[in-house]
Amino acid sequence: MESRNVKSSRRRLVASVSAIAAAVVLAGCAKNAPQDTFQPKGANAQMIQDLQVIVFPIAGVVGVIVLALAGYIFYRFRDRGQAIPVQSHGKPVVEITLTIIPALILSVVGVFTFRTIFDLAETKDTEMIINVTGQQWWWEYDYPTQEGISQPIITSGQLVIPVGTKVLLRETSRDVIHSYWIPALNGKKDAVPGRIHLLRLEADKPGIYAGQCTEFCGLSHANMRMETVALSKADFAKWVANQQKAYVSPAEGTKAKEGEAVFLNQCSRCHQVNGIKDANGKAVISAPDENVYSGAAPNLSHLMSRNTFAGAMFDLVIDKCRDDVWNASSEEFGAKYLAGVSSDCLNQKDLRAWLRNAPGMKPMYADPAKLEKSNGLYRGMPNLGLTEDDIDKLVAYLITLK
Amino acid sequence: MFTPGSKYFVGLTGLSLVAAILYAFLVNPNDLGSIALLGVAVAAGLIAGFAFLTRDGDTESATESVAANAEVPTPSFWPIVFALGAALTLLGLATNAIVFVVGLGVLVGGGLEWTIQNWADRASADGRYNSEVRARAIGALDYPGLAAVALGVIAYLFSRIMLTASKSGAAVIFIVVAAAVLVVGVLISTKPAFRGRASLLVTTFAAVLLAGAGIASAINGERSELAVVAEEKPYSASHRECGEEASDHYDKHAGNRVSSRSAVIATVIVEDGKLYAQMIGLKDKLNTVSVPRSNVTNILFRNLDKEEYRLVANLGTRTVAGTDVVEKIGTCTQLAGENQEQLLTINIPKSSSAENKYSFEVPGIEGKIEVVVP
């Protein structure tokens, strides 16, 4: 009877371990895994991949041997009521051997690792720089004046880079430590307040590469996403030209014009739209430093030229249009991305919900009654109490910001 | 006597106490680190006390010794010192940091002495033996402790005198006092007759003189020029003198070596009478730099010319609250000589625009670097 129970529990144990192992193995077969670290799409990520293919097998073999030995020893010498064996101090030959072997393994691994680290830190052949600033819970990108960019550009959510170009990101943070990671293009790098950390990206082909903040940064850390969009050099030049386009106010008498007034009244305190003017014709400069803890809010000048909003948590385009861009061939990708968000493709559901009650869509410290610790400053976007009419007008206005 | 366990914890207590004091004075008394170190000292002191009292849990000897001397408690003034320390510490919490630190010192010293006294009283029924035990345990610290306090008082009183006297007067006082100490020291060592009452009289006279002069100086306050400097805020933007000429106060003791290179967003350089900027990753000499808004940003200024120059940041204007007065917002580095560097830390909360422009300039050098805040 007892023997049968033992056999039964062993079977359950074997079945459970097998199921877990199968789940782990099958998880590696996922097709829709844009943040897979084993699918490099650029030179820097390829360097890491080249290192991984050396280190992982070595570490795997060592790990399996150690675990197997440990398992064997646990089982072979388990307590069965036998007498405690004679205690000895150890064997120098075994100890020295077990010290030298790991040292040799680590030396070999170390040579490749250090070489890769130094290669990844190279900046001399940089072809473009972009300032990347993290804050709770979105990323801001500003492109200083340089070859091909005659006027500075600022955007957020989606980082746009030219294909085959060595781009140097200069990362920092406005509030807490964040970490920038686009697995397909390079490893991760912390963005630390008061410091400038360098990370290089280079994409082989046009496309969108997803990423995720990888340093716990507060309530919506899990929702702090980012996407890097790689365009051919010609398409990138078009994107730059579009970003530098002057602001055009909507025509009088349109709903968009009314939306502009709502924007000026409700949104421009924090969000900048370059070139927008108030009713007196005076340029409006937003003051997020007076309202937001990080001192910044996304610049919305060309909001509809990107596909995401709210820290890349939500798509600005409906699924069908999104898939159309994501799955486009390298040749077609640029044109589809540069088309921006059309009225037909606009994800009105999420955008309206966001305007209606942003804290209900994304966890943020935006309750006015609970802002003592931040001296009354919001961390994230508050509920502005907009009416449905205001929201209609705002959506009509925002769609014009391409 | 010291048991192995108590030795360890006494050592740990002392070490963490010293570390806490050094941390508080050298780093920041309000920092979590000093509180943590003080916590370690208190905890280790508590365990050390228990280890003393129980002689590392050797219950047999502890029981015997307690029983043996239960009827012979030695009169002690340490509880009063301890209570005084507690009162001063609390008072210091409510008034100022110096009273708090002094109170803490008295509290810890009194508590330590009280603990040792109590522990020694339990060593045996023989009062003389117990006294020897106490002396062996902590007697070696009596004179160094008193000497440290005395030296602290002397240094404080002497510093008051030196800060009150004029610059040249302070130099004369220093020379005279140093010479007097040397002479008296020579006399004590070479003239045996001087070692008795005469040296006591001289020492007492010197102590009274120092105390009187020190207290009078403390009441009188620092000499005027020092008081003026202390009232100024040399690092506030409004005080800075950002012109071409050297400033009396601001350019004193310029630190012309910079270590935080990894936190620099741009380097502004003066070379051959020309001004340009560089940014990591860009090879060209720039006349425009981008600075993220609402973020603490460091700019490195490097002077490669022979003349001294400073970097000035023009950060727009503001209207003084309640008036129509418009004043410039700006800040600058100290003067930097040839091949020297300075760091300028700025935080610009508003985007730049056609109406709202920012720039870097170097007085005495033509041209500007445009600062774009997107």
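A crossing of two helices is called left-handed if the near helix is turned anticlockwise from the far one by less than a right angle, and right-handed if clockwise. Helices (H or I, at least four residues) and strands (E, at least two) are DSSP runs, numbered from the N terminus. The structure described here is a predicted model, in which local features need pLDDT of at least 70 and side-chain atom pairs count only at pLDDT 80 or more, while totals for chains, interfaces and linings use all residues. Residues are numbered from 1 along each chain as its sequence is written, and chains are lettered from A and ligands numbered from 1 in the order in which they are written.

The model has an ipTM of 0.81 and a pTM of 0.67. Two residues are taken to be in contact if their C-beta atoms, placed from the backbone, lie within 7 Å.

The contact between the chains involves 28 residues from chain A and 24 residues from chain B. On the side of chain A that touches chain B, strand 1 (128-135) and strand 5 (167-173) of chain A each contribute at least two residues. This side of chain A comprises twelve nonpolar, eleven polar and five charged residues. In this classification Ala, Val, Leu, Ile, Met, Phe, Trp, Tyr, Cys and Pro count as nonpolar, Asp, Glu, Lys and Arg as charged, and the others, Gly among them, as polar.

Helix packing was examined in both chains. Axes are lines fitted to C-alpha atoms, for helices over the stretch in contact, and angles run from 0 to 180 degrees between N-to-C directions. Angles under 35 degrees count as roughly parallel, over 145 as roughly antiparallel, 65 to 115 as roughly perpendicular and the rest as oblique. In chain A, helix 8 (residues 348-356) and helix 10 (residues 388-398) pack at about 125°, with axes 10 Å apart. Helix 8 of chain A is therefore oblique to helix 10 of chain A, and the crossing of helix 8 and helix 10 of chain A is right-handed. The residues A:Q348, A:L351, A:R352, A:L355 and A:R356 of helix 8 meet A:I391, A:L394 and A:V395 of helix 10. By class, five nonpolar, one polar and two charged residues form this contact of helix 8 with helix 10 of chain A.

Helix 10 of chain A also packs with helix 5 (residues 255-267) of chain A, at an angle of about 105° and with the axes 7 Å apart. Helix 5 of chain A is thus roughly perpendicular to helix 10 of chain A. Among the residues in this contact are A:G259, A:V262 and A:F263 of helix 5 and A:L394, A:A396 and A:Y397 of helix 10. Its composition is six nonpolar, one polar and six charged residues.

In chain B, the axes of helix 5 (residues 97-121) and helix 6 (residues 127-164) come within 7 Å and cross at roughly 160°. These two helices of chain B, helix 5 and helix 6, are therefore roughly antiparallel to each other, and their crossing is left-handed.

Each chain also contains an open sheet with mixed pairing, of three strands in the order 4-10-9 in chain A and of four strands in the order 2-1-4-7 in chain B. Two strands pair if DSSP finds at least two bridges between them. In chain A, strand 4 (158-162) and strand 9 (207-212) stand at the edges with a single partner strand each, so one side of each is left without a neighbour in the sheet. Strand 9 of chain A runs antiparallel to strand 10 (residues 225-231) of chain A and is joined to strand 10 by six bridges; A:Q212 stands opposite A:R225 in strand 10. In chain B, strand 1 (residues 264-271) and strand 2 run antiparallel and are joined by five bridges, with B:V268 opposite B:A277 in strand 2.

Two backbone features occur in loops of chain A. A cis peptide bond, with omega about 0°, joins A:Q136 and A:W137, and A:W137 lies in the loop between strand 1 and strand 2 (138-143) of chain A. A:N375, although not a glycine, has a positive phi of about 55° and lies in the loop between helix 9 (358-361) and helix 10 of chain A.
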